[in-house]
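Me: Hello! I would like to learn how to read this model, one feature at a time. Could you walk me through it?

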Amino acid sequence: MIITFFSAANAQKKVVISKDEMVTVPAGKYQPFFITPNNQPIPVPSFKMDETAVTNAEFLEFVKANPQWRRSKVNRLFADTNYLRHWQSDLSIGEANKKIYNSPVVNVSWFAAEAYSKWKNKKLPTIAQWETAAKAPPRNFKYKSLTDFILDWYTKPNPKVLPNVKSTYQNEYGLYDMNGLIWEWTFNFNSFIGSRDSRGNDEDELKNFCAGGALNVSDKSDYAAFLRFSYRGSLKGNFCIANLGFRCVKN
Amino acid sequence: MIQISKKEPHLKKAILPALLLLSFTFFMFSCKTNPGNNADESKIDTTLTGTVTAELTTAPNVPKPLTYTSPKKVMVTLETIEKVMPISDSSEYTFWTFGGQVPGNFIRVRQGDLVDFTLKNAPDSKMSHSIDLHAVIGPGGGADATATAPGQSTHFQFRALHPGLFVYHCATGPVPLHIANGMYGLILVEPQGGLPKVDREYYLMQGDFYTKGKYNAPGLQDFDETKALAENPDYVLFNGKVRSTTGPNALPAKVGETVRLFVGNGGPNLVSSFHPIGQIFTKVYMEGGTEVNHDVQTTLIPSGGAAIVEMKMQVPEVINLVDHSIFRAFNKGAIAQIKVTGAENANIYQKLKP
């Protein structure tokens, strides 16, 4: 009985850990992966970033406070039919899903992530911010290189149960799981390729497919970056995907 | 053959010049329909006469020859699936596939068909995927239209203009990694008159694989980027696995039969020197195109290319199909087999006592 009480209390304690911890990412320069004449290294001023991805428990608070973002109420233009499909119901992650209360929320659209950020008085990171933050070397790392680690994660199927936040590595800035747990939305997730409506635009030549995809990149051997940009390039704002979540920033 | 009766010699006189004229016309006609003109849209029939759904098969099986004789709208749906499967007896690998197997589903259409193509990416995929079919004339061979996120689908259509055997592959960056993980397959565009009838058809596709551990190292093996860039594979395989098509899985055939193989090479790096041990290709549709070569021992199959080869089964034997860059066959897995059963024929081959 006591044990049950304690584990329940523990679970409870885990659910409410959302302390909105943010860390400072120092100012830097970001070399865009796809190089164009207008795409020179750009300065990235210092900003604050969530130390972990937004969890299911945290996102539940948002849904409770914003009924229009409940699974049954959400506008399909803003979230496809996979929106929060791993939850038990509108306002419950589900007793059976206890293990993922503290795991990153996934199956959320760009619009949902953007709305959450606004509700928190934060923003989604730009590609420049996200890439700058993720470049920081890992602390206490068993892999010989970060790219190696990322590639190993990319080439393994999704786990059956998504691990909790802080289950991979922490980087020099103090950020957890920038790689190895989920993909993350960025504010301008597909701005690096010409839109489908801008045919004839020079940018259209930079599409990230076939061998042409390697013509104008800053580091051809960075397969991890290729994978990330290909992934981002295939997204639309209402897509909800089982390995795609987000974290927020504050300028 | 036109039979000329000996009882009517006057007819012979009349027919011979006519035959000459006929053969001359035929010669001119064949020149006009040389392979270079095969894909001229104004010269092939493209009027659609209905809709069919393509039969898709997994290697070594090939869809049945097409029975329709006028262009159709052909519905094709492929699904990209990431899947851990054995690559050898003791190693596993995370394959990225079209349809859950390496190579991907075989697609068979006819010259003049309008192919309505849907690419689905399985919901539990980690990656985005796309497809470049070498049979497509259009941006990226379809890749421009098919960047597909997990759980999503994309859609485009193309006209099958050129007859031949074509490779398709994933074209999502970094393309070499997607191909190295097994994302390739074959699409056959039958000429409007079809291919000559044979007794058996099979599907083989070569590919090279790069793993952190050595050949047959135990456990799940990660992709090795350094070995891949050095073009130094641990595995060179037919149909995605060591011994996929040997022993109990050898391709069956009988003495007297003609066997046609649709052979592709997915690469990503190696060119195949495809050779049948104890046989000779009676026909090779070189590079999968319309030119046919005869009596060939070894044919080159480029990375991202294909060939159609045919053999007449003459004696009972096991034909080892190998990449004759022979270390690959001996040490890296590049062997498939045809097991021929039937009566011995001492006129062709017999083992003699010393």
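## A helix, a residue and an interface

Reply: Let's begin with helix α6(A), where the buried residues are A:Tyr223, A:Ala224, A:Ala225, A:Phe226, A:Leu227, A:Arg228, A:Phe229, A:Ser230, A:Tyr231, A:Arg232 and A:Gly233. This is a predicted model, in which local features need pLDDT of at least 70 and side-chain atom pairs count only at pLDDT 80 or more, while totals for chains, interfaces and linings use all residues. Residues are numbered from 1 along each chain as its sequence is written, chains are lettered from A and ligands numbered from 1 in the order in which they are written, and side-chain values use heavy atoms, leaving out hydrogens and water.

Me: What do "buried" and "helix" stand for here?

Reply: Buried means under 20% relative accessible area, exposed over 50%, and partly exposed in between (1.4 Å probe, protein chains only). Helices (H or I, at least four residues) and strands (E, at least two) are DSSP runs, numbered from the N terminus. In chain A, 11 of the 11 residues of α6 (residues 223-233) are buried, so this helix is largely enclosed by the rest of the structure.

Me: Is B:Asp323 buried or exposed?

Reply: B:Asp323 has 0% relative accessibility, so it counts as buried. You will find B:Asp323 in strand β20 (residues 317-323) of chain B.

Me: Which side chain does the side chain of B:Asp323 make a polar contact with?

Reply: A polar contact is a pair of N or O atoms within 3.5 Å; within protein, one must be able to donate a hydrogen and the other to accept it, and residues adjacent in sequence count only if both atoms are side-chain atoms. Here the partner is the side chain of B:Gln206, at 2.8 Å. The side chain of B:Asp323 also reaches the backbone nitrogen of B:Ser325 at 3.0 Å.

Me: How is the size of an interface given?

Reply: It is often stated as the accessible area lost when the parts come together. Buried area is that loss for two parts (1.4 Å probe), summed over both. Between chain B and chain A it is about 2,700 Å², with 57% from carbon and sulfur atoms. B:Lys126, B:Asp144 and B:Glu225 supply 24% of the area that chain B buries against chain A, more than any other three residues.

Me: How many salt bridges are counted between chain B and chain A?

Reply: A salt bridge is a side-chain nitrogen of Lys or Arg within 4 Å of a carboxyl oxygen of Asp or Glu. The count between these chains is one. The side chains of B:Lys212 and A:Asp152 form it (3.4 Å, N to O).
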